[in-house]
Amino acid sequence: MLDPSDIKAAVAAGLITEAQAASMAALAHSRRGARENLAPGDEPFELFKGFNEIFIVVGLIILAMGWAGVVGVIYVDNISNPQQSAVFFGLISAAAVWALSEYFVVRRRMVAPAIALSVMFASVAALSLTAYFAQPFMVAQEDYSSLPLPFALGTAALLIYWARFRVPFAMAMIAVGLFIVAILMAATTSGTPQNPSELFLLSAGGPFAWITLLLGFVVFAVAMVFDMSDPHRVTRRSANGFWLHVVAAPALVNTMALSLLEQDTTAANIILLAILAIFALVAIVIDRRSFLIAAIGYIVAVAAAVFNGDGAAFTVLILGIVLLLLGAFWERIRAFLLRLMPGFVPLHRLPPSSYVRTPK
């Protein structure tokens, strides 16, 4: 095991450069955060490293609330030119969030403050750009044609933020931003959805469910790119994949599942279980519990709240049993499935199993 003094000695001896030493230290830090005290085959998940991060997040929230109050008072005094005021205060707020991110994300490498700051930056971008570009009178008349542009620009701004700070949670918000932009663009041509279920029900009249399904596939594909670039799950690329899977699952799986739950027939519930079984196999092979639990958890919540038929109740019961069995025997099931995989499956780019050797 190398310690910091060994790395310094290697630099002094000319074996590695200072840039390489910094990269090695960053990788070691990332591995400790992601894999330390983690059981073999378990999926890394980290929201904060200690209570000090929660302390800082609370401070950031209070600071944001105070700044919002001050901006509100000044904004009212300049109501004669609200658009310019929105841009002015938006730029100041974005610069402040950016400066705080330089310290807490880049220098201190904190997890929870990084998530909070990325949410703040996205909120500032969305609110200020919407205030500048949106037309309130058009929105009041259910004409949303002025909204796609500010949300698209806000998503682009968040992408720039992610490119600098590489906050994984920001990648999930980018995916959600693209989803919002696509839905708003569809709403301007096909009318607004009458209720939230139209976003997932393929039987609905508008194109919203099909857009949701397509974006789910796209987000899942991008998540797999991140995952396959870091099969050992030791860098932020894996965390990016984690959050993208959380976004992709409701969009991808639930569009099919809720359309079947709506029918509430024995055949529909059997088809639903078959589809979920396929997605469960995919989740096990790629070793992503987050993908499966986000999909099934959403289905259970909606089924319990909306669909009250006997078929839905039995489906939820079976899903609970399946999840418990998968949680207990995930690695053994995965090892068995990996041994059945055909040769063209790039097992070397998937997380290795503690029960099976994957080819190099």
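The largest cavity in this predicted model is lined by M224, D227, M228, R233, I286, R349, L350 and P351. Its volume is about 30 Å³, and the count comes to 1 cavity of 30 Å³ or more. Which helix gives the most to this lining? That is helix 9, spanning residues 208–228, with 3 residues. Sorted by class, the lining of the largest cavity holds 5 nonpolar and 3 charged residues, with no polar ones.

Now let's turn to a pair of helices. Two packed helices are described by the angle between their axes and the distance between the axes. Helix 5 (residues 112–133) packs against helix 7 (residues 148–165) at about 150°, and their axes lie 8 Å apart. Angles over 145 degrees count as roughly antiparallel, so helix 5 and helix 7 are roughly antiparallel to each other. The crossing of helix 5 past helix 7 is right-handed. On the helix 5 side, the residues making the contact include L117, F121 and L129, while helix 7 brings L153, L158 and Y161, among others. This contact has 14 nonpolar and 3 polar residues but no charged ones.

Here are the classes of residues at both places:

| Place | Nonpolar | Polar | Charged |

Definitions and conventions. Residues are numbered from 1 along each chain as its sequence is written. This is a predicted model: local features need pLDDT of at least 70, side-chain atom pairs count only at pLDDT 80 or more; totals for chains, interfaces and linings use all residues. Side-chain values use heavy atoms; hydrogens and water are left out. Axes are lines fitted to C-alpha atoms, for helices over the stretch in contact, and angles run from 0 to 180 degrees between N-to-C directions. Helices (H or I, at least four residues) and strands (E, at least two) are DSSP runs, numbered from the N terminus. Angles under 35 degrees count as roughly parallel, over 145 as roughly antiparallel, 65 to 115 as roughly perpendicular and the rest as oblique. A crossing is left-handed if the near helix is turned anticlockwise from the far one by less than a right angle, and right-handed if clockwise. Contact means heavy atoms within 4.5 Å. Ala, Val, Leu, Ile, Met, Phe, Trp, Tyr, Cys and Pro count as nonpolar, Asp, Glu, Lys and Arg as charged, and the others, Gly among them, as polar. On a 1 Å grid over the protein atoms alone, a cavity is a set of points where a 1.4 Å probe fits but cannot get out, and a pocket is an open set with protein on both sides within 12 Å along at least five of seven lines; lining residues have an atom within 4 Å of a point. Grid points are joined across faces, edges and corners, and a volume is the space filled by probe spheres set on the points.
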